[in-house]
Amino acid sequence: MIAAVTDLSGRQTGAHRTWLAADGLDKAPIATPRRAMGELLGHGVRFGVADDVLAVGEGIETVLSPRQVLPGMPMLAALSAAHLAAVLFPPTLRRLYVLCDRDPAGNRARDSLLARAASLGIEAIALVPVEGDFNDDLRHFGLQALQAALKDALHPDDRRRFLPG
């Protein structure tokens, strides 16, 4: 799987590669199944174009799982905890959802990002999975359970705007 890393203007600054197992169910059984190159810090793999609302997380799988429930919400995969803490915000951003990973590095990145967003007047909301990340939650509990969990955590305006039906 190859994904473009882009800056706020949409210019490609790098690439992220993930080698997948032949059956497509997991990463390939090699020493380093994920590799990124280029100018990554502050940028990420984007799903949609952010304006006033954006959800950000560490990994592509972590971001694509909530995107199954919120297909219209712009999202960004920062590719690591360190890069998550350094994500650059669009100038029009008013609300940020942080898709946390449940580990020490994820906690530090979350706290840093929440503080930085708040210092800029951006409402920041942490979304915390039950398992290690939202991909684990989707795989273990299913789409409906993930939708229910995220629905309760969203700002009411975003529920109306981004949840289908």
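View 1. The structure is a predicted model, in which local features need pLDDT of at least 70 and side-chain atom pairs count only at pLDDT 80 or more, while totals for chains, interfaces and linings use all residues. Residues are numbered from 1 along each chain as its sequence is written, and side-chain values use heavy atoms, with hydrogens and water left out. Both aspartate 157 and arginine 160 belong to helix α6 (residues 156–162), where they are three residues apart, about one turn of the helix. Helices (H or I, at least four residues) and strands (E, at least two) are DSSP runs, numbered from the N terminus. Aspartate 157 is partly exposed at 39% relative accessibility, whereas arginine 160 is exposed, with a relative accessible area of 62%; here buried means under 20% relative accessible area, exposed means over 50%, and partly exposed lies in between (1.4 Å probe, protein chains only).

View 2. Side chains of opposite charge can pair when their charged atoms come close. The side chains of glutamate 123 and arginine 95 form a salt bridge of 2.8 Å, N to O. Because glutamate 123 lies in strand β8 and arginine 95 in strand β7, the pair ties together parts that are 28 residues apart in sequence. Glutamate 123 is partly exposed, at 34% relative accessibility, but arginine 95 counts as buried, at 11%. A network of salt bridges links Arg95, Glu123 and Asp158.

View 3. Strand β7 (residues 95–99) pairs with strand β8 (residues 123–127) in the parallel sense over five bridges, and two strands are said to pair if DSSP finds at least two bridges between them. Leucine 99 has leucine 127 in β8 as its bridge partner. Together with helix α3 (residues 104–119), β7 and β8 make a right-handed β-α-β unit; right-handed means that, with the strands pointing away from the viewer, the path from the first strand over the helix to the second runs clockwise.

View 4. Strand β1 (residues 2–6) is joined to β2 by five bridges, and the two run antiparallel, with valine 5 standing opposite glycine 14 in β2. The hairpin of β1 and β2 has five residues between the strands, and in it glycine 10 takes a positive phi near 95°. Five bridges also join β2 to β3, again antiparallel, and alanine 15 has methionine 37 in β3 as its bridge partner. Strand β2 is mostly covered, since five of its seven residues are buried.

**View 5. Threonine 18 in strand β2.** Threonine 18 lies in strand β2 (residues 12–18) and is buried, with a relative accessible area of 3%. Leaving aside neighbours within four places in sequence, threonine 18 is in contact with Met1, Lys27, Pro33 and Arg34, where contact means heavy atoms within 4.5 Å.

View 6. The side chains of glutamate 61 and arginine 34 meet in a salt bridge of 4.0 Å, N to O. This pair links distant parts of the chain, 27 residues apart, with glutamate 61 in helix α1 (residues 60–69) and arginine 34 in strand β3 (residues 34–38).
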